[in-house]
Amino acid sequence: MGNNKSQLVVAAIENGTVIDHIPAEKTYQVVNLLQLEKMETPVTIGYNLPSKKIGKKGIIKVANKYFTDEEINRLSVVAPNIGLSIIKDYEIVEKKTVKTPDTLKGIVKCNNPKCITNNEPMQTLFHTVDKVLGIVRCHYCDKEQQLDKVELCK
């Protein structure tokens, strides 16, 4: 470890997932979205950590948990471009960057009150129009929405 007293030490995990480069202000949204407060395994949350890429970042380590593609797609709505590292036996075995998928099913609510998804018991479906600007279009009513202003489905 050396004598570098300014270095932040966060315990390594043997197996699980590390979610890194979360914009600091989105850290607790990610916690809520993944329902980490209900986890039985250890969860480490770092908040307002210095980042050369984004200024201040959050990092979350979840022991003994590997997230599904559906869970990762939910993450892309609140914090696209975050990093995911899969850990096995203290080693990174896979790295992913969370990207907004081409379709979002049952993740985002349509903000059009007349949309069928707000009036019938059915799952929402959005198609990504612009990944850079974060624009999605409702499959049913064609209303476009900004991802940074959407409401998530419960």
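**Entry 1: Ser85**

I began with the neighbours of Ser85 in this predicted model, and, leaving aside residues up to four places away in sequence, I found that Ser85 touches Gly16, Thr17, Val18, Ile92, Glu94 and Lys95, where contact means heavy atoms within 4.5 Å. Ser85 sits in strand β4, which runs over residues 83-88; strands here are DSSP runs of E with at least two residues, helices are DSSP runs of H or I with at least four residues, and both are numbered from the N terminus. I noted that Ser85 counts as buried because its relative accessibility is 11%, since buried means under 20% relative accessible area, exposed means over 50%, and partly exposed lies in between, with a 1.4 Å probe and protein chains only.

Before going on, I wrote down that residues are numbered from 1 along each chain as its sequence is written, and that side-chain values use heavy atoms, with hydrogens and water left out. I also wrote down that in this predicted model local features need pLDDT of at least 70 and side-chain atom pairs count only at pLDDT 80 or more, while totals for chains, interfaces and linings use all residues.

**Entry 2: the whole protein**

I then looked up the overall plan, and the protein has two helices and nine strands, which run β-α-β-β-α-β-β-β-β-β-β from the N terminus on. Its C-alpha atoms fill a box of roughly 60 × 30 × 25 Å along the principal axes, and buried residues make up 40% of the 154 residues. Among contacts between residues at least 6 apart in sequence, 55% join residues at least 24 apart.

The domain assignment, which is automatic or comes from a database, gives domain 1 (16-98) and domain 2 (103-146). The C-alpha centres of domain 1 and domain 2 lie 25 Å apart, and the contact takes four residues from each of the two domains.

**Entry 3: helix α2**

Which residues of helix α2 are buried? In this helix, residues 69-78, I found Ile72, Arg74, Leu75, Ser76, Val77 and Val78 to be buried, and the buried residues of α2 pack against α1, β4, β5 and β6.

I turned to the record, where UniProt, in an unreviewed entry, places the feature "binding site" at Cys110, Cys115, Cys138 and Cys141. Although these residues are spread over 32 residues of sequence, they cluster in space, with a largest C-alpha distance of 8.8 Å. I kept in mind that UniProt positions are given in the numbering used here, that feature names are shortened, and that annotations may be inferred rather than shown by experiment.

Cys110 is in the loop between β6 (103-105) and β7 (125-130), and I recorded Cys110 as buried because its relative accessibility is 5%. Beyond residues up to four places away in sequence, Cys110 touches several others, among them Cys115, Cys138 and Cys141. Cys138 lies in strand β8, residues 135-138, and Cys138 is buried as well, with a relative accessible area of 1%.

Over residues 104-149 I read 0% helix and 33% strand, with the end C-alpha atoms 15 Å apart.

**Entry 4: Lys131**

Is Lys131 buried or partly exposed? Lys131 is partly exposed, because its relative accessible area is 45%, and Lys131 lies in the loop between β7 and β8. Lys131 and Thr117 are 14 residues apart in sequence and 23 Å apart in space, C-alpha to C-alpha. Not counting residues up to four places away in sequence, Lys131 touches Thr100, Pro101 and Asp102.

**Entry 5: two positive phi angles**

Gln35 has a positive phi, near 50 degrees; Gln35 is in the loop between α1 (27-33) and β2 (43-51), and at 42% relative accessibility Gln35 counts as partly exposed. Tyr90 also has a positive phi, near 65 degrees; Tyr90 is in the loop between β4 and β5 (91-97), and Tyr90 is exposed, with a relative accessible area of 53%.
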